[in-house]
Amino acid sequence: MELAARLIQEGKLVAFPTETVYGLGANALDPMAVAKIFALKERPSFDPLIIHIADLDDLKKLTAEVDDRVYLLAEKFWPGSLTLVLPKSKLVPDIVTSGLPTVGIRMPANEIARELIRTSGRPIAAPSANKFGRISPTTANHVRKQLPDVDYILDGGKTTVGIESTIIELTEKGFRILRNGIITKEDIEEVLSFDDSEKTESIVAPGMVKSHYSPVKKMIVADKNIPVDIDKSKAGLLSFTGKYENGYRKIIRVSESNDLKEYAVNMFDAMHTFEDDSEIEIIVAEPVAETGIGKAIMDRLRKAEYNWRKGSSEI
Ligand code: TXA
Ligand code: MG
């Protein structure tokens, strides 16, 4: 921890666990350090980063104005998997926000993450610690596989949530969701109303691209008619209900008890496992209903299959 914190202070990159996925961290206030994140990830500069904090005092420093609703949300969901997009202060370098007037901020629940922030004494900008567009990392090994040149990795074991934080922005009417996660619309509605009005401005979250979380192997979500028309003897299945396992070369049961939270926890790890398995040519995922946490799961799966399904009529 001491070494990792010193590396952060020196402008180096440290991968660290959060409860959602591993982050690729740098001192958020050091533009040169942040630039290294974009370079190592091969991430386009128009895709802004989330800043991770350990104390509410940092929220005040990094944002321009914080209204009472922010504290209400912070009290209920922090530390935890909720990112708030708020007007940024002058302290936040433009490279972090890709020039946007807003900044995404989150206080992670993972103790190691918060200790790194506290010990280094720096707010930490961190995207997920994967190459741009690829499968997100939920173990230190996943990070090593994609980013072998990172300066340091803090290994905190497998992450406990497994998918990225819910991202929201605040509007006059309430909140809008920019990315679904384990904290659902319904959870947030307990403290704030959902803004369902039409969006006026066009681009709010530049990173919300159609293809993401993508394996280097073919991947598809098996809609309604599993079995789909593929050679199952070469396919690995992410199985949820256990109903469709017949004929697949390999099966990873992502939940033993039909629990969507377990699907979220195990999804990326299962995709990595099949990606690394030479006997598997195609990854198939069982879909779930798009309600509650199912929304966040289907969002990841749809983006992961996007490049592979696009234009392929044979599936
Ligand atoms: O759980 C998480 O959020 C993980 C862990 C490491 O904290 N981080 C993460 O970061 O998922 P990343 O960079 O992979 O995804 C962050 C997303 C991007 O799609 C980006 O476009 C969006 O957040 N974002 C960041 N700042 C934003 C802003 N000011 N306005 C709109 N979207 C923003
Ligand atoms: Mg990411």
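Helices (H or I, at least four residues) and strands (E, at least two) are DSSP runs, numbered from the N terminus. By that definition, His-52 belongs to strand β3 (residues 50-52). This is a predicted model, in which local features need pLDDT of at least 70, side-chain atom pairs count only at pLDDT 80 or more, and totals for chains, interfaces and linings use all residues. Residues are numbered from 1 along each chain as its sequence is written, chains are lettered from A and ligands numbered from 1 in the order in which they are written, and side-chain values use heavy atoms, with hydrogens and water left out. The domain assignment divides the chain into domain 1 (2-188) and domain 2 (218-309); such bounds come from an automatic or database domain assignment.

**Annotations**

- In an unreviewed UniProt entry, the annotation "domain: YrdC-like" covers residues 1-183. UniProt positions are given in the numbering used here, feature names are shortened, and annotations may be inferred rather than shown by experiment.
- Residues 1-183 are 31% helix and 20% strand, and the end C-alpha atoms of this span lie 29 Å apart.
- The unreviewed UniProt entry also carries the annotation "binding site" for Thr-20, His-52, Arg-106, Ala-126 and Ser-165. These residues are spread over 146 residues of sequence, yet they cluster in space, with a largest C-alpha distance of 12.5 Å.

**The nine-stranded sheet**

- An open sheet of 9 strands has the order β7-β1-β2-β6-β3-β5-β4-β8-β9, with mixed pairing; two strands pair if DSSP finds at least two bridges between them.
- Its edge strands, each pairing on one side only, are β7 (152-153) and β9 (175-179).
- Strands β2 (residues 23-27) and β6 (residues 124-125) are paired in the antiparallel sense over 2 bridges, and Asn-27 stands opposite Ile-124 in β6.
- Helix α2 (residues 31-41) packs on this sheet, where it touches β2 and β6, and its direction makes about 155° with that of β2. Contact means heavy atoms within 4.5 Å, while axes are lines fitted to C-alpha atoms, for helices over the stretch in contact, and angles run from 0 to 180 degrees between N-to-C directions.
- Helix α4 (residues 68-77) also packs on the sheet, touching β4 (82-87) and β8 (166-170), at about 165° to the direction of β4.

- Strand β11 (residues 235-239) pairs with β12 in the parallel sense over 4 bridges, and Leu-238 stands opposite Ile-252 in β12.

**The interface between the domains**

- The centres of domain 1 and domain 2, taken over C-alpha atoms, are separated by 27 Å.
- In domain 1, 23 residues are in contact with 16 residues of domain 2.
- About 1600 Å² is buried between domain 1 and domain 2, with carbon and sulfur atoms giving 59%. Buried area is the accessible area (1.4 Å probe) that two parts lose on being put together, summed over both.
- Ile-135, Lys-145 and Ile-163 supply 32% of the area that domain 1 buries against domain 2, more than any other three residues.
- Between domain 1 and domain 2 there are 4 salt bridges, each being a side-chain nitrogen of Lys or Arg within 4 Å of a carboxyl oxygen of Asp or Glu.
- Lys-145 and Asp-276 form a salt bridge through their side chains (2.7 Å, N to O).
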